[in-house]
Amino acid sequence: MGSKQLPILCTHLVSSSLGDMASKVFGILATHGRLSLKILIRHAKLHTSDLRKVLSVLINSGLVLCYSEVEDSPAYFSVNWDHAVGLARYPAIIKLAQSRHGDTAAQVVTIILKEGHVSVGDIFDEFETTPSDFDRTMRELLRCGIIKKVSPRSFVPPQDLQALAEETVIATEFPDGKITGKVKAPRYQQAVGALKRKWQDEDTEVDYGPSKRTKINGSSNGPGLPEDLEVSVNFARCSIGLRSQRLKQLASRYLGQVTASVYEALLRSLESKLSDEPLAPVLAADFKDEDEEDGGKDFIVQDLPTSPLQEVCQHVPAHVPVWTGIEGLQKPQGAESDGEDFSAIGIKSEKSDDRASFDERRARESNIEQHLLMLQEHCKRFCKRQRLQPDTGGWAVDFAAMAKELMHDEVDKVVCRRYGRVQMRLTRLLRQRGRSEEKHIAKLALLSVKEVSKFLETLYDQGIVDSQEMPRDSSRLLSHNLYFWYFNQRRVQGQLLEDTYKAMSNTLSRLNFEREEYSDIITKAERVDNDKLNTAEKAKLAEWRRVENELMTQVEKMDGVVAVLRDFGNTALLAE
């Protein structure tokens, strides 16, 4: 990893979750990279049996990946950075499951996150609920992708899976070993992608067979899913859901809550059309300079999934007043009867209810479409209507472009909090306009050249903006040179990520320090009931819980920044 602070942060997270010995082994792998068991024993200075136990815990939690080329060859262990960073995202994932699927789903996800991966039967044994409710919740979580089936390939590093797929394709389809050229290179890449998708389908396919538990009085006393089915949390799908929440918040800030609810319905309808490929973390090197021409606003039809209007309407909750938020929309009142009204004498029209329902549904669809049109016409282009044919089409979202909007919004917030609103305006202006001279910037910002020069020098010292010197003529005299200012997205994003990693590590260190300060009351509260504590001890325990809650809240907020800058940047491709 290129980051210096990320291994330190992940080691703190592992220490808080699994203890000091696990964090020690994880820290060695994070520092030295991929290691065999023999070399890992030398670095860890632990007994072989103890090290194997720690590695089993780390592998079971998904924090360490293991791969061996053949059965008798030595195994190599490496860090799973996505799951390690995801340790700070557990509360957000649980809240996501609760908001979408209820309390039972939140309890299921909590158990799975605690264990790493666990069988369906073991999860059911920890619940006091009916088998039908549990089975319905598990199927719903599997169907939406929040949890997934665990297979042997789940513990293999992605690089090794990629290499294994390439070797398999070369051996089966390109025996001569020639994979270059205008014809063979695309075929080779397509074959590798098809094989990886085939493996993914095989690994995620769930057998919804009958329960293996015996039935009593005709009803099953266990889950309907296979009890030996191992499941884990799908962090990639959870990242997609969390990204949808952030996009809804962005739309709500600009267009209101009702339009944001419609936008959330569109995003949720599109989530099922995205593949289960993990969202690749976006690093600073993945960004081009913002002063270059940006084609991210262009929508590529063949790469974007679409949802028809009727499908979007199904995801809009019935309690959302879609007739509000836009001037001119009317609340649907139902259709009036064509003929005379004989309801006073007990005769009711047979078609009135059906027609009223039809008209209300048409009016609701029309109102939702108006909200989608407003989202499309906004300067951020939250969505776009695509018509593949004159009579077909749907609504699409360019997730890559919207992820960049989230990143820009997060950077603007940080610049505004640290340096002020005027500095934020200048950075936003440079990002939109590209390289500009001070006089031109002052004209656009409605400020004096002296003020602009002072603000830009401050931002330059902090690494937010850069300056480029260009000679006006061949004499190259300093007085004849031009100085252009521009916003460096690569450096700002990398710097902000490093600062956030460091702040999270410091907060977790402070949490460990506070835990030592309150260790006496924490230990006593774990041994005895709360009723047996005196007044002073209860007050001290409440103070510790307040401090812990405040620090963990700060960690969750900073993890939201990391999610925007690191994990939301690469949209999953359309499911094949």
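A charge is taken to sit over a ring if NZ of Lys or CZ of Arg is within 6 Å of the ring centre and within 35 degrees of the ring normal. By that criterion, the charged end of R435 sits over the ring of Y486, 4.1 Å from its centre. The model is predicted: local features need pLDDT of at least 70, side-chain atom pairs count only at pLDDT 80 or more, and totals for chains, interfaces and linings use all residues. Residues are numbered from 1 along each chain as its sequence is written, and side-chain values use heavy atoms, with hydrogens and water left out.

**Charge over ring**
- The charged end of R431 sits over the ring of F487, 5.6 Å from the ring centre.

**Surroundings of D412**
- Not counting residues up to four places away in sequence, D412 touches M424, T427, R428 and R431 (heavy atoms within 4.5 Å).

**Aromatic rings**
- Rings of Phe, Tyr and Trp (its six-membered ring) pair if their centres lie within 6.5 Å; planes under 30 degrees apart count as stacked, over 60 as edge-to-face and the rest as tilted.
- By this rule there are eight aromatic pairs; one of them, F127 with F134, is tilted, at 5.7 Å centre to centre and 50° between the planes.
- Both F127 and F134 are buried, and ring pairs link F124, F127 and F134 into a cluster.

Methods:
Buried means under 20% relative accessible area, exposed over 50%, partly exposed in between (1.4 Å probe, protein chains only).
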